[in-house]
Amino acid sequence: MDKNKNAILSLHEIAESDMSEAEFLQAVENNMIPLKEFFTYYKCAIMEIETKFRVLNEQFSINGESNPIEFIQSRIKNYGSIYRKIISRNIPRNLEAIGENISDIAGIRVVCSFVQDIYRLADCFLKQDDIFLIEKKDYIENPKPNGYRSLHLIVEVPIFLENEKRLVKAEVQLRTIAMDFWASLEHKLRYKKDLPQNKLDMLTDDLKKCADQSAEWDIRMQDIKNIIEND
């Protein structure tokens with residue numbers, strides 16, 4: 001059996017090998033240890049990034065400003081989602097290749113009150129000398145065809161382990177409450193099955209209109225905030 005800590009052996013491969021029950025159980029355990037370590041790195045990256053945003057949020061409060069962050073959510077991509085990406089992108093089935101080719105295993109969503117808060121927070125976050133920007137996609141300035149809006153940052157952040165420093169990739173999404181509300185509902189509706197094409201087309205059009213209306217509300221609320229602060 002390959003004992004390389006980066007190798008991923010399927011339970012089928014282990015079960016097909018000629019080994020005793022004790023050896024089988026040990027093989028399963030040995031195969032899980034690298035996976036547990038792998039996902040722990042991403043959990044640590046999430047903690048590092050969340051802390052950075054919470055510190056920024058507190059700093060704005062200390063300066064007499066309103067807190068720009070409404071809430072922060074995070075998640076680790078599940079095995080099924082990772083596996084589907086491995087298959088669709090033809091990524092080798094080892095942890096090193098997965099870490100190099102999949103950048104959103106760790107995901108952090110920062111939901112803000114206003115659009116300007118998004119860009120200000122992103123700017124402060126990216127100025128920190130231990131955050132390395134890999135890719136930036138501005139779906140606020142350039143929404144997706146379906147109306148989706150959000151600012152996406154693919155970054156690397158260092159995590160400090162017992163005997164090493166490791167750079168870990170993560171995806172940070174910054175959006176307003178309205179953007180988050182729309183995206184959450186759109187995600188649920190998108191996975192409804194067995195709808196005829198005419199209904200799908202109608203709903204797609206309606207969702208796009210809702211996204212545009214939500215964006216208009218964000219602009220109007222930002223304008224109101226600016227008037228109040230500049231009065």
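Let's start in a loop: Asn90 sits between helix H3 (79–89) and helix H4 (95–101). Keep in mind that this is a predicted model. From that loop we'll move on to a pocket and then to the strands.

**The loop residue**
- Asn90 has a positive phi of about 55 degrees, even though it isn't a glycine.
- For context, most residues other than glycine have a negative phi.
- Asn90 counts as exposed because its relative accessibility is 68%, and the cut-off for exposed is over 50%.

**The largest pocket**
- The largest pocket has a volume of about 1,000 Å³.
- It's lined by 30 residues, and those closest to its centre are Arg75, Arg109, Glu171, Gln173 and His187.
- Two or more lining residues come from each of these elements: strand S1 (69–76), H3, strand S2 (106–112), strand S3 (132–138), strand S4 (151–160), strand S5 (165–176) and helix H6 (177–190).
- H6 gives the largest share of the lining, with 7 residues.
- Sorted by class, the lining has 14 charged, 9 polar and 7 nonpolar residues.

**Strand S2 and its partners**
- S2 is mostly covered, with 6 of its 7 residues buried.
- S1 pairs with S2 in the antiparallel sense, over 7 bridges.

Methods: Residues numbered from 1 in each chain as written. Predicted model: local features only at pLDDT ≥ 70, side-chain atom pairs only at ≥ 80, totals over all residues. Heavy atoms only, no water. Helix = DSSP H or I, 4+ residues; strand = E, 2+ residues; numbered from the N terminus. Buried < 20%, exposed > 50% of the residue type's maximum accessible area, 1.4 Å probe, protein only. 1 Å grid on protein atoms, 1.4 Å probe; cavity = no way out; pocket = protein on both sides within 12 Å on 5 of 7 lines; lining within 4 Å. Points joined across faces, edges and corners; volume = space filled by probe spheres on them. Nonpolar A, V, L, I, M, F, W, Y, C, P; charged D, E, K, R; others polar. Pairing = 2+ DSSP bridges.
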